[in-house]
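Read the questions below alongside the model. Each answer puts a value next to the cut-off that applies to it.

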Amino acid sequence: MALQELRVNKLRTFLSLFGITIGIFCIIGVLAAVGSLENKVQSDIKSLGSNTIYIDKWQYAGGPDRPWWKYYTRPIPKYDEVSFIKEKSTLAAYVAYFNSNNALLTYGNSQLSNVGVYCLSEDFNKIQTFGIAYGRYFSESEFLRGSPVGVIGFKNAELLFGEAQAAVGKTIEMNGKHLQIVGVIEKQGSTLIGNGFDYDNCLLLTYRYFASIWNTNDQNMGQPFIMVNGKPNVTTAALIDELRGIMRQLRKLSPTTEDNFALNDVNTFSQQVGSFFGSVNIGGWVIAGLSLIVGGFGVANIMFVTVRERTSQIGLKKAIGAKSRTILTEFLLESAFLCIMGGSFGLLLVYILTLILSSILPFPIFIAPHIIFIAFSVCVVLGILSGIIPARTAAKMNPVEAIRSK
């Protein structure tokens, strides 16, 4: 009977279900887009290292009012501090030094300018999550001797050599210095966090070889920091407390002197991102709610008209024994069915939109199963709420009066 109503009153049905379609489109669209974006950002944050503290002179958190001048005058972290932290810390599993600079890479007639060159110490690959697609990573002896070897990013390898696997074993020129490529990093894809590691477009060097070319103690070069990864089951709060004591001892700070370093917790970024996207989701629900309210009134209008058109049928059913709850259930199911149809059209529109956006954006847009469940649950609830008054009106009809109606 619901399908029959849809066929007979096409324009009325379209106008009434349009609000439901737009509302569900907003709900699923916002939740899918925001969820996909949050998943990408959280993944990029996790790539910085889980349960990892960044020792830097800069405090990563804070707004435009933070005292940058105070941070600027702080001493930069140094490579020699890594061994002291390893010796004193009982909660740290791995400690790594990082620095960076830009360079010109040349191979034959191919050149890449402004390439990010990453300076690493031994434990870096144990904290960071990246794999080697071709060749190998640095050996222990290469770290110790500062050998002129490098591991190149996937995209840089393609640009210099045509195909990534061709990079292994080749000798390139970097700012006039020659070094051999021993490995190619697996393709990572773009990152959405500004200070993340861009492994596709970088060149990795060992600390000692990097330090033989550039002055790592230069305040104006790169942004050096030390990464400390905690042992399993060690909380970040405990690790931060221990590192604060170690760094104050290392920097020889008196009890009354404030810290001249910052201990940045990666997990803080994740919590801030989750809070932000939670607010965005609330905004999406508000927009969708307005459309759903309009759609709900449209469905209620359809049901009132349907009850009026089928009054004689209702009277006949009650005359041959149909109970009031049977009539009530019939119209509630029909109302819910109408809302589910509107939601299905909304879902179809979102699916088409995800295909388009996934081909444009640097990360895939996907519709999680729980989002679909939420959307159809909303449709059922909205259908029941929209149809409850018309359904109760039908259920309370006197069979004799209903049959006589025209």
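**Strand pairing, burial and backbone angles**

Q: What is the bridge partner of Thr106 in E3?
A: Thr106 is bridged to Gln111 in E3. Strands (E, at least two residues) and helices (H or I, at least four) are DSSP runs, numbered from the N terminus. This is a predicted model, in which local features need pLDDT of at least 70, side-chain atom pairs count only at pLDDT 80 or more, and totals for chains, interfaces and linings use all residues. Residues are numbered from 1 along each chain as its sequence is written, and side-chain values use heavy atoms, with hydrogens and water left out.

Q: What makes E2 and E6 a pair?
A: Between them there are 2 bridges, in the antiparallel sense; the requirement is at least two, so E2 and E6 qualify. In E6, Thr106 has Glu173 as its bridge partner.

Q: How do you know that E2 pairs with E9?
A: Strand E2 (residues 92-107) and strand E9 (residues 225-230) run antiparallel and share 6 bridges. Tyr94 faces Asn229 of E9.

Q: Why is Ser121 called buried?
A: Buried means under 20% relative accessible area, exposed over 50%, and partly exposed in between (1.4 Å probe, protein chains only). Ser121 has 2%, so it is buried. Ser121 lies in the loop between strand E3 (110-120) and helix H5 (124-127). Apart from neighbours within four places in sequence, Ser121 has contacts (heavy atoms within 4.5 Å) with Tyr79, Val95, Ala96, Tyr97 and Phe143.

Q: Why is Lys252 called exposed?
A: Its relative accessibility is 74%, so Lys252 counts as exposed. Lys252 sits in the loop between H9 and strand E10 (262-265). Although not a glycine, Lys252 has a positive phi of about 55 degrees. Most residues other than glycine have a negative phi.

Q: What makes Asn175 partly exposed?
A: The relative accessible area of Asn175 is 42%, so the residue is partly exposed. Asn175 is found in the loop between strand E6 (171-174) and strand E7 (177-185). Phi of Asn175 is near 50 degrees, a positive value in a residue other than glycine.

Q: What makes a set of residues a nonpolar core?
A: The members are buried Ala, Val, Leu, Ile, Met, Phe, Trp, Tyr and Cys residues joined through side-chain atoms within 4.5 Å. In the largest such core, of 46 residues, Ile85, Leu105, Ile152, Met174, Leu205 and Val228 touch the most other members. Helix H9 (residues 236-250) gives the most to this core, with 6 residues. Another core, of 31 residues, lies apart from it and includes Leu17, Ile27, Ile371 and Leu382.

Q: Which residues is Leu205 in contact with, leaving aside its neighbours within four places in sequence?
A: Among them are Val117, Tyr118, Phe138, Met174, Phe210 and Trp214.

Q: How many residues of the protein chain count as buried?
A: Of its 406 residues, 48% do. The chain has 14 helices and 10 strands. Of the contacts between residues at least 6 apart in sequence, 77% join residues at least 24 apart.
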